[in-house]
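Sequence and structure come first.

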Amino acid sequence: MSKSIEELKSLTTQIRRDILRMVHAVNSGHPGGSLGCTEYFTALYGKVMNYNLPFTMEGKNEDHFYLSNGHISPVFYSTLARFDFFPVDELKTFRKLDSRLQGHPTTHEGLEGVRIASGSLGQGLSVALGVAQGKKLDGDKSLVYSLHGDGELQEGQIWEALMYAAANKVDNIISTIDYNGQQIDGSTENVLSLGNLHAKLESFGWTVLEEKNGNDLEAVIAILELAKTETGKGKPVVIILHTEMGAGVDFMMGTHAWHGKAPNDNQLDTAFKQLYLEAPADY
């Protein structure tokens with residue numbers, strides 16, 4: 001059953017609670033980028049993407065999603081669980097021995113919703129393009145979505161893939177860049193500036209959309225729906241989505257410090273007070 005916007009907004013708060021609970025439990029993981037992408041994942045799985053359950057790896061005649069910046073696995077896992085790909089209770093196994101929920105998504109344990117192992121930055125766009133071309137060869141009209149970090153764009157393979165997509169008119173893909181301006185060593189501007197990213201992507205032959213309010217659920221839904229209308233026109237589509245690393249938790253925002261750092265007990269309690277739900281469904 002389709003969820004209302006208010007239900008999805010509540011779900012974003014629940015997912016944020018899941019993210020923090022997961023990384024806190026094992027004192028390991030990447031909360032900052034996960035919190036910043038919560039609206040994107042909720043919009044994608046709650047309103048935009050066409051997919052079927054139970055999950056199958058082949059996924060014929062349904063949209064596919066590929067996470068390239070695999071370190072934000074907490075938000076991916078929580079989203080999949082909250083949208084019934086696998087039991088929510090399994091989130092408590094995150095990063096533990098013999099868990100299907102590894103620090104970076106993997107496929108060898110058959111976790112529902114995960115089609116590629118990711119985490120080696122720069123590779124996800126190449127994979128997504130291959131799937132998109134495969135769908136075209138099969139006469140499958142479905143779309144392929146991918147997500148990338150802005151720091152990930154410092155990898156050369158991304159730019160090779162961008163060239164390839166435009167040259168081959170792969171117009172059934174919608175790639176999104178999580179543009180939060182932060183990476184593990186500091187701001188992207190200070191580590192290696194991306195310059196005028198919008199102009200660069202356009203010069204590589206992509207249709208470029210941009211949304212400044214990447215932590216506004218309705219705005220994210222709207223830009224993804226707009227992107228869908230731009231597919232099938234001979235050019236690949238990319239969204240520059242401006243988000244806030246650590247969104248929803250004030251002491252995690254505006255800094256790269258929480259890229260890969262878990263909250264302690266007191267910090268978790270403070271964060272949960274900010275992420276208030278009248279009746280949380282915490283696992």
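## Nonpolar cores

The largest nonpolar core holds 55 residues, and Tyr40, Phe41, Tyr45, Phe65 and Tyr145 have the most contacts inside it. A nonpolar core is a set of buried Ala, Val, Leu, Ile, Met, Phe, Trp, Tyr and Cys residues joined through side-chain atoms within 4.5 Å. Buried means under 20% relative accessible area with a 1.4 Å probe, protein chains only. Elements giving two or more residues to this core include helix 1 (5-26), helix 3 (38-48), strand 1 (64-67) and strand 2 (144-149). Helix 1 gives the largest share, 7 residues. Helices (H or I, at least four residues) and strands (E, at least two) are DSSP runs, numbered from the N terminus.

Apart from this core lies another, of 24 residues, among them Tyr66, Ile116, Ala166 and Leu197.

The model is predicted: local features need pLDDT of at least 70, side-chain atom pairs pLDDT 80 or more, while totals for chains, interfaces and linings use all residues. Residues are numbered from 1 along each chain as its sequence is written, and side-chain values use heavy atoms, without hydrogens and water.

## Helix 3

Helix 3 is mostly covered, with 10 of its 11 residues buried. Among them are Tyr40, Phe41, Leu44 and Tyr45. Beyond its neighbours within four places in sequence, Tyr45 is in contact (heavy atoms within 4.5 Å) with Tyr51, Phe65, Phe76, Thr79, Leu80, Phe83 and Phe85.

## Largest pocket

The largest pocket has a volume of about 270 Å³. Its lining has 18 residues, and His71, Leu121, Gly151, Gln183 and His259 are the closest to its centre. A pocket is an open set of points on a 1 Å grid over the protein atoms alone, where a 1.4 Å probe fits, with protein on both sides within 12 Å along at least five of seven lines; lining residues have an atom within 4 Å of a point. Volume is the space filled by probe spheres set on the points, which are joined across faces, edges and corners.

The lining divides into 4 nonpolar, 10 polar and 4 charged residues. Here Pro joins the nonpolar types Ala, Val, Leu, Ile, Met, Phe, Trp, Tyr and Cys; Asp, Glu, Lys and Arg count as charged, and the others, Gly among them, as polar.

Definitions and conventions
Buried means under 20% relative accessible area, exposed over 50%, partly exposed in between (1.4 Å probe, protein chains only).
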